[in-house]
Amino acid sequence: MMSNHKCLAVIPARGGSKGLPGKNIRLLHGKPLIQYSIEAALNSGCVDEVVVTTDSEEIAHVSGQAGAAVPFIRPAELATDEAKSIDVLKHAVEFYEQIKNQFFDVIMLLQPTSPLRNAKDITEAYTLFLSNQADSLQSVTLSGAQPYLLRELDNGQLTPYLKGEREHLRRQDLKELYALNGAIYIVKRDLLMDSGIFVGRQNYGYIMPKERSVDIDDEFDLKMAEFFWRESNHKESSQ
């Protein structure tokens, strides 16, 4: 491990998905989607335990085969569309503390729908978190949308979403903005468990390229991930 801090990586994976049925174990180049996140966490060198929290016996089996711990099946009340990620995380931490008597300083959330996030991303994000003594960190990617370039449609009429002097600036004159890409979230255990929040005062961003920032929610996203996976592996094989 890279520090004296103990880190628990939590991978939440519900069985139900409306946008892409069974998405957490859909195959991406012959491998279940969730396996990419499990392997990235295990290979990062900065995580003490990788746990999958799921309500699905099938996902639990696939995750166990991939090397993750699956010590419980998530309660039904935490597997609904309304269930909050923070409550799912707290449940996992409470299980380890109360049932297994294991304690962690840092909690990492890795969504299985970000299969292109790799072990190096996790290691670098965790290093950034520790070196800055951060309270929390989220991975981001350069945003392709600028608020001053967004428009609203009302009965066919187009109006600026934000009004102001920047409305007429050229795109190249606008400040670079970043969007959460859903790949990596890190938070101090005490902030999560004692304050019930996931973003602290000392909050940092880890920048990832767009080609590793695909967050799979539907078939289009899956095709995008397949494309970037092929591109990445083609580059590696030709080097």
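Predicted model: local features only at pLDDT ≥ 70, side-chain atom pairs only at ≥ 80, totals over all residues.
Trainee: Why is the pairing of Lys31 with Glu39 called a salt bridge?

Mentor: The closest N and O atoms of Lys31 and Glu39 are 2.9 Å apart, and the cut-off is 4 Å, so the pair qualifies. Side chains of opposite charge can pair when their charged atoms come close.

Trainee: What makes Lys31 count as buried, partly exposed or exposed?

Mentor: Lys31 has 23% relative accessibility. Buried means under 20% relative accessible area, exposed over 50%, and partly exposed in between (1.4 Å probe, protein chains only). Lys31 is therefore partly exposed, and Glu39, at 26%, is partly exposed too.

Trainee: How many salt bridges does the structure hold?

Mentor: The structure holds 10 salt bridges. One of them joins Asp121 and Arg212, at 2.7 Å from N to O. That pair links distant parts of the chain, 91 residues apart: Asp121 sits in helix H4 (residues 119-131), and Arg212 in the loop between E10 and helix H6 (219-238). Helices (H or I, at least four residues) and strands (E, at least two) are DSSP runs, numbered from the N terminus.

Trainee: How do you know whether Asp121 is buried or exposed?

Mentor: Its relative accessible area is 1%, so Asp121 is buried. Arg212, at 24%, counts as partly exposed.

Trainee: What makes Arg189 and Asp194 a salt bridge?

Mentor: Their closest N and O atoms are 3.6 Å apart, which is still within the 4 Å limit. Arg189 is buried, with a relative accessible area of 16%, whereas Asp194 is exposed at 58%. Both belong to a network of salt bridges that also links Glu97 and Asp190.

Trainee: Let's move to helix H2. Which residues of H2 are buried?

Mentor: In H2 (residues 57-66), the buried residues are Ile59, Ala60, Val62, Ser63 and Ala66. They cover an arc of only 165° around the axis, so they lie on the same side of H2; the arc is that of the directions from the helix axis to the C-beta atoms.

Trainee: What covers the buried residues of H2, and which exposed residues does the face turned away carry?

Mentor: The cover includes strand E3 (31-32), helix H1 (33-43) and strand E4 (49-53). The face turned away from the buried side carries the exposed residues Glu57, Glu58, His61 and Gln65.

Trainee: How do you know that Ser56 caps the N-terminal end of H2?

Mentor: A side-chain oxygen of Ser56 lies 3.3 Å from the backbone nitrogen of Glu58. That meets the rule for a polar contact (a pair of N or O atoms within 3.5 Å; within protein, one must be able to donate a hydrogen and the other to accept it, and residues adjacent in sequence count only if both atoms are side-chain atoms). After H2 comes Gly67, with a positive phi near 110°.

Trainee: Which residues is Pro71 in contact with, leaving aside its neighbours within four places in sequence?

Mentor: Pro71 is in contact with Val51, Phe95 and Tyr96, where contact means heavy atoms within 4.5 Å. Pro71 lies in the loop between H2 and H3, and its relative accessible area of 31% makes it partly exposed.

How values were computed: Residues numbered from 1 in each chain as written. Heavy atoms only, no water. Salt bridge = Lys/Arg side-chain N within 4 Å of Asp/Glu carboxyl O.
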